[in-house]
Each structure stands twice: as C-alpha cells, then as structure tokens.
Amino acid sequence: MAVIAGPGTGKTKTLISRILYLLETRKVKPSEITAVTFTNKAAAEMQERLKQQLGKGRSARPIQVGTFHSICLDLLKKQGMQFTLADETETLDIAADIVKSRNLGIKPRQFLQKVSRIKTNSDVFSDLSDDRSEEKAPSDHTPFTALGITESEYAAYIEYCQILRSLHILDFDDLLTETLNLIKSDPTIPAQCFSYLHVDEFQDISPIQYRPIMEWTKQGRELFVIGDPDQSIYGFRGSDAKCFEHLKNDFTDMSIIRLTENYRSTPQVISGAVKVISQNPGMERVIHPNRPDSTPVRLVTAGSEMGRLSLPPKRSTARSAELICWMCSKHRKRRKRIQSTRQEALPILQFCTEHTARLNF
C-alpha cells in the first residue's frame with residue numbers, strides 16, 4: 001500500500017495509526033513490524049508516540065524503528081560481521097591522501113560526495129560492492145558521466161574502496177551495500193522482523209535504499225509506504241521523486257491512497273501553494289484546508305536576489321535572518337565550504353557578510 005500524503009495531512013499520525021491497527025486489531029506481533037525513517041530524531045519521535053499510544057500495558061520496544069543505516073548496522077552486527085564504522089575524520093583523511101596522490105584537483109570532501117554518488121546510484125553502477133576489490137575499467141559499467149564522475153575519479157573511487165576493505169572499515173553507504181550482499185547470500189536472514197514493513201518519507205529514498213526495501217519485502221507480508229513526491233528535497237543526495245512510480249511498476253496490484261485534508265495551513269496559504277505545486281508534472285493536486293480564513297498571502301517582487309534578501313521582513317523572518325548571520329559569523333570556515341558546493345547560497349552569504357557588523361555578531 002502506498003499513501004501519497006500532501007503537506008499538512010498528517011503523515012506521521014497516519015503511519016502510527018497503521019502500526020497501532022496492526023497491533024490492536026490484527027494482533028500482529030511487535031517483533032514482526034519495522035518502520036524506517038530518515039533521521040534519528042524522527043525515529044525517536046515515532047517510538048515515543050507509539051509508547052504513548054500503547055500505554056503502560058504494552059511495550060513498543062520490540063518494534064524495530066530506525067533509519068536505513070541504523071537498521072542495516074544492527075542487522076550486520078547481529079550476523080557477526082566484524083567491521084568498524086568510519087567516522088568523518090577517517091574518511092576525509094583517506095580521501096585527502098587519494099586526491100593528493102592522484103592529482104584529482106578537487107577537495108577531499110568533494111571526492112567523498114562523488115564516492116557517495118556512485119554508491120547510492122546502484123542502478124547506474126550495478127553491484128559495485130561486489131567489484132570494489134577489483135579495479136575495473138569504467139567502460140565496463142553503464143555511462144557514469146551523467147553523475148559527473150570522470151575516469152580518473154572512478155579509478156580513485158576503486159582505490160578508496162580497496163583501502164576501506166583492507167582496514168575492515170565501512171562508511172555509511174557501505175552499510176546498505178553490505179546488507180544487500182548479506183541478503184543475497186541468505187534471503188531468509190531478515191524475514192521475521194520485516195514481515196510488516198513501513199517506510200516514512202518515501203519520496204526521499206535513493207536507488208540504493210530502494211533495493212533493500214524490495215529485498216525485505218520479498219520475505220515479508222505487507223509493505224506500507226507514505227510520502228509526498230512534491231516534497232522531495234534530497235535530489236542532490238540521489239533521491240528519486242519517481243519512486244512511487246517505480247513501486248507501482250514493481251507491484252502492479254498495489255493500492256494507492258491520497259490524503260488531501262490539510263490540518264496545518266489556512267485556506268489562503270493552501271490556495272497559493274497548490275498553484276505553485278501544480279506546476280510539477282503528474283496528476284492534479286487537490287488539498288482541502290481545515291482551518292479558518294486568515295490574512296491573504298502577499299506577493300512581493302524584488303529586482304534581484306540581493307534585493308529579495310533585503311526586503312523588509314516580518315519579525316519572525318527578521319529573527320531567522322539574524323540567526324543565519326550569527327551562524328555565518330561563527331563558522332567562517334564552513335562558509336567557504338558552502339560556497340564551493342552550493343552556488344545558490346552565495347547571495348545569502350553575501351547578505352550575511354554585509355549585515356554581520358550591523359547586527360553586532
């Protein structure tokens with residue numbers, strides 16, 4: 001079952017209600033239920049809400065709730081796999097040595113972003129984890145130029161993987177690829193706890209995250225995903241807003257439910273937002289507001305990006321701008337990193353630089 005939940009329609013509440021229905025009405029064992037979220041904070045919030053709903057009589061602890069990485073880490077450890085999870089300092093040090101020795105002309109952090117891009121796009125580089133101990137010519141794989149990877153960078157990627165393997169180290173992307181390898185070797189390993197699999201914020205999954213969902217579902221009974229393609233924000237990390245279409249192709253008998261009642265915003269905000277969202281391809285967007293009328297939405301036009309940042313804001317927006325300026329003044333080194341990776345941040349950074357002194361930060 002796939003639930004396409006528009007903004008403010010209660011995605012988390014719907015997912016929690018689905019799990020409670022399985023426990024209380026269908027009498028499913030908690031140990032057979034898994035819920036995948038995208039952040040540790042979201043996982044903790046879900047566990048707390050389940051605990052509150054269940055009350056003192058039942059425990060939510062047997063329900064497996066976590067991120068893709070935490071669930072895969074736990075699964076690999078339970079199967080006795082010996083490894084160390086690399087931290088950011090370790091991977092940056094390894095990347096720096098490789099970038100310098102191969103004269104790649106990019107920064108170590110940029111190289112790691114490219115490494116992650118290769119690993120998370122497993123549909124482009126099929127079964128990379130199986131081949132990472134052998135340096136193969138890039139031409140053996142489907143074209144990688146679409147991912148912005150050069151031949152020299154691909155060769156450096158192979159070296160990076162070889163070093164990690166020799167040190168028995170896994171990075172976060174390896175947790176997913178190694179889990180897939182484990183499932184291939186023994187498909188029955190994750191069977192029980194994934195009998196009833198739930199995936200939150202489904203619109204933000206990447207191809208490499210889509211694969212374990214498919215593998216876990218093969219041995220499971222039911223799959224429940226919820227999200228909104230119009231709220232996909234992790235395209236730069238490899239997420240694919242068309243994942244709902246892919247799921248429909250993989251499960252032709254899948255039921256699709258659309259939540260259209262918005263409980264968060266006023267009718268004026270909804271009306272304006274729908275006009276913008278409706279520019280996206282796909283079906284007509286229908287969202288019904290469930291709050292009383294409020295002030296109309298203002299349309300303010302600026303002559304440039306800097307002009308837009310300098311418009312007189314409301315008090316809450318002004319405080320947000322001050323907070324951004326304060327963060328930039330406290331993290332000047334990080335500003336340079338942002339400038340090199342996110343071109344669209346330059347106007348904001350310029351604005352903050354010009355206004356930091358005025359705001360006395």
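Q: What do buried, exposed and partly exposed mean here?
A: Buried means under 20% relative accessible area, exposed means over 50%, and partly exposed is in between, with a 1.4 Å probe and protein chains only. The areas come from the Shrake-Rupley method with a 1.4 Å probe, and for residues only the protein chains shown count as cover.

Q: And what kind of model is this?
A: This is a predicted model, where local features need pLDDT of at least 70, side-chain atom pairs count only at pLDDT 80 or more, and totals for chains, interfaces and linings use all residues. Residues are numbered from 1 along each chain as its sequence is written, and side-chain values use heavy atoms, with hydrogens and water left out.

Q: OK, C243: buried or exposed?
A: C243 counts as buried because its relative accessibility is 2%. C161 is buried as well, at 0%.

Q: How many disulfides does the structure have?
A: Zero, from a search of the whole structure. A disulfide is taken as a pair of cysteine sulfur atoms within 2.5 Å.

Q: Give me the overall numbers. How much of the chain is buried?
A: Of the 361 residues of the protein chain, 40% count as buried. The accessible surface comes to about 20500 Å², and 52% of that belongs to carbon and sulfur atoms.

Q: What about secondary structure?
A: The protein chain has 15 helices and 10 strands. Helices (H or I, at least four residues) and strands (E, at least two) are DSSP runs, numbered from the N terminus.

Q: How many of the contacts join residues at least 24 apart?
A: 77%, among contacts between residues at least 6 apart in sequence. A contact here means heavy atoms within 4.5 Å.

Q: Which residues have the most contacts inside the largest nonpolar core?
A: They are V199, F202, I213, W216 and L247, in a core of 31 residues. A nonpolar core is a set of buried Ala, Val, Leu, Ile, Met, Phe, Trp, Tyr and Cys residues joined through side-chain atoms within 4.5 Å.

Q: Which elements give two or more residues to this core?
A: The strands are β1 (2-5), β6 (196-199) and β7 (222-227). The helices are α3 (68-78), α8 (172-185), α9 (207-219) and α10 (243-250).

Q: Switching to β2. How many of its residues are buried?
A: Strand β2 (residues 33-37) is mostly covered, with five of its five residues buried. I33, A35 and T37 point one way, T34 and V36 the other way, and all are buried.

Q: Which strands does β2 pair with?
A: β2 pairs with β6 in the parallel sense over four bridges. Four bridges also join β2 to strand β3 (residues 64-67), again parallel. Two strands pair if DSSP finds at least two bridges between them.

Q: How many salt bridges?
A: The search of the whole structure finds 11. A salt bridge is a side-chain nitrogen of Lys or Arg within 4 Å of a carboxyl oxygen of Asp or Glu.

Q: What is the N to O distance for R18 and E222?
A: The closest N and O atoms are 2.5 Å apart. R18 lies in helix α1 (residues 11-24) and E222 in strand β7, so the pair ties together parts that are 204 residues apart in sequence. R18 is buried at 14% relative accessible area, while E222 is partly exposed at 23%. R18, R26 and E222 are linked in a network of salt bridges.

Q: And which residue does K114 meet?
A: K114 meets E153 in a salt bridge at 3.5 Å, N to O. K114 lies in helix α5 (residues 108-120) and E153 in helix α7, so the pair ties together parts that are 39 residues apart in sequence. Both are buried.
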